[in-house]
Amino acid sequence: MRKIAEINDKIAKKTAVVWTVEELKSRVNEMGIKEVFSQVDVVCTGTFEPMESSGAMINLGQTDPPIKIRQCWLDGIPAYAGFGAVDLYLGASAISDLAAKNENLEGENPERGGGHIIEDLIAGKSIQLRAVGQTTDCYPRTSFETIISKETINQFYLFNPRNLYQNFIVGVNGGERTLYTYLGPLQPRLGNAVYSNPGAISPLLNDPDLEAIGIGTRIFLGGGIGYIAWEGTQHFPLQKRLQNRTPIGPASTLALIGDAKQMNARWVRGCYFKNYGASLMLGVAVPIPILSEEIVRHCAVKDEEIVAPVVDFSIPRRVRPTFGLITYAKLKSGRIMIEGKSVRVAPLASISLSREAALELKALIESGEFTLTEPVAKINLERTFIPQDRWGGKLSIE
């Protein structure tokens with residue numbers, strides 16, 4: 001067994017051995033688990049995918065006279081103002097009031113949402129702010145308009161309630177019309193399939209029982225430093241699992257936090273899904289300290305050994321039928337078979353940028369700029385509030 005303090009001492013001396021998780025998988029094939037454990041100290045995992053349950057906390061600083069903001073818009077996108085006087089929360093999927101009502105959008109961009117505002121602020125761009133205040137004796141101002149940037153506001157940090165899904169679904173459409181979903185357009189009559197998770201390089205699939213990470217773990221978030229703050233919303237660690245402990249569908253999630261003023265817009269990008277709405281593409285890399293051979297064994301998992309359910313979105317119900325489980329190796333081949341039909345398939349995540357995120361973290365650790373943290377607490381693994389079987393039909397592996 002190793003300790004994180006021992007690894008940090010090697011990082012400080014620039015003698016730590018740091019690999020990406022793909023390098024580890026390759027070397028386990030060559031050398032075996034015991035020899036790999038003797039050589040490597042840290043493994044870097046990464047992903048770059050849509051994470052719409054994200055957002056930014058913003059503190060504007062007080063005006064003169066002071067204002068107690070109760071409604072606020074950033075370039076026409078509403079931010080939540082139900083906190084202290086000038087505290088705001090801008091959700092990545094927020095859209096303009098007119099777009100939400102499907103009204104006349106003349107002069108506005110219906111494809112622009114909260115994620116785009118967050119990206120622009122991180123990039124150093126100026127944003128127009130309009131606010132309406134609640135008049136009180138200590139906050140007499142009724143309204144306020146100005147231009148803000150990340151340099152003119154007090155705090156600007158991401159606080160993301162649900163990131164890093166531990167596995168997800170594959171979306172298909174068995175109906176007769178195109179469906180516009182959070183996975184993008186799904187063509188009728190099984191015209192295409194879309195998956196979201198990058199598979200064997202994804203952070204939580206390499207630590208399936210969250211043994212090496214926890215609350216307080218330092219991560220690479222959006223090009224800067226972030227931390228695991230808590231379990232994520234819809235956290236469901238009791239998902240059914242294969243013998244290698246990887247889940248057969250959506251399972252654990254994490255809430256993440258990090259200083260957006262230190263982030264890079266290359267890794268935080270607003271995006272839009274046609275007829276669905278705005279979201280945020282986010283780059284995250286998680287270091288896994290190699291504390292035991294068991295951690296190496298989990299990190300050695302291959303795309304051939306991880307599965308996801310193929311779910312039919314044409315059924316408008318919470319519990320949708322499935323066409324079975326498919327391995328990520330088959331998903332990454334570009335085509336899968338569904339009931340005897342060859343269906344083209346594509347990832348929503350960027351596999352290349354997921355790899356780059358892991359490489360960026362590796363470089364930071366090797367240079368001594370990034371050290372590991374001891375978790376202050378474990379992530380809860382006993383959540384039971386989501387039914388374990390969220391899909392109908394068979395769940396055999398195809």
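In which strand does P309 lie? P309 lies in strand β19, residues 307-312, where strands (E, at least two residues) and helices (H or I, at least four residues) are DSSP runs numbered from the N terminus. The views below all show a predicted model, in which local features need pLDDT of at least 70 and side-chain atom pairs count only at pLDDT 80 or more, while totals for chains, interfaces and linings use all residues. Residues are numbered from 1 along each chain as its sequence is written, and side-chain values use heavy atoms, with hydrogens and water left out.

**View 1. P309 in strand β19.** At 0% relative accessibility P309 counts as buried, a term that stands for under 20% relative accessible area, with exposed meaning over 50% and partly exposed in between (1.4 Å probe, protein chains only). The C-alpha atom of P309 is separated by 6.5 Å from that of T322, although the two residues are 13 residues apart along the chain.

**View 2. The two sides of helix α2 (residues 21-31).** V21, L24, K25 and V28 are the buried residues shown here; they cover an arc of only 100° around the axis, which puts them on the same side of α2. The arc is that of the directions from the helix axis to the C-beta atoms. An α-helix has 3.6 residues a turn, so residues three or four places apart point the same way. On the other side of α2, N29 and E30 are exposed. The cover over the buried residues includes β1 (18-20), α3 (33-39), β2 (42-50) and α6 (293-299), contact being defined as heavy atoms within 4.5 Å. Just after the helix, G32 takes a positive phi of about 95°.

View 3. R2 is buried, with a relative accessible area of 16%. A polar atom of the R2 side chain lies 3.0 Å from the backbone oxygen of V40. Leaving aside neighbours within four places in sequence, R2 is in contact with F37, S38, Q39, V40, D41, I290 and L291.

**View 4. The largest nonpolar core, of 50 residues.** A nonpolar core is a set of buried Ala, Val, Leu, Ile, Met, Phe, Trp, Tyr and Cys residues joined through side-chain atoms within 4.5 Å. L24, I290, V296 and I365 touch the most other members of this core, and its largest share, six residues, comes from helix α8 (residues 351-366). Not counting residues up to four places away in sequence, I365 touches I11, V18, V42, C44, P287 and F370. Another core, of 47 residues, lies apart from it and has A94, L121, L158 and L282 among its members.

**View 5. An open four-stranded sheet in the order β5-β4-β7-β8, with antiparallel pairing.** β5 (77-79) and β8 (143-148) stand at the edges, each with a single partner strand, so one side of each is left without a neighbour in the sheet. From one strand to the next the twist averages 25°. Six bridges join strand β7 (residues 127-133) to β8 in the antiparallel sense, two strands being paired if DSSP finds at least two bridges between them, and I127 stands opposite I148 in β8. Helix α5 (residues 114-122) lies across β4 (69-74), β5, β7 and β8 and runs at about 120° to β7; axes are lines fitted to C-alpha atoms, for helices over the stretch in contact, and angles run from 0 to 180 degrees between N-to-C directions.

**View 6. Strand β22 (residues 341-347) and its pairing with β13 (residues 193-195).** The β13 and β22 strands pair in the parallel sense over three bridges, with V194 opposite A346 in β22. Strand β21 (residues 335-338) runs antiparallel to β22 and is joined to it by four bridges, and R335 stands opposite R344 in β22. β21 and β22 form a hairpin with two residues between them, and E339 in the turn has a positive phi of about 50°.

View 7. N167, in the loop between β9 (155-163) and β10 (170-172), has a positive phi near 80° in a residue other than glycine, and is buried with a relative accessible area of 0%. L190 is placed in the loop between β12 (184-186) and β13; its phi, near 55°, is likewise positive, and L190 is buried, with a relative accessible area of 12%.

Methods
Polar contact = N/O pair within 3.5 Å; in protein donor to acceptor, adjacent residues only side chain to side chain.
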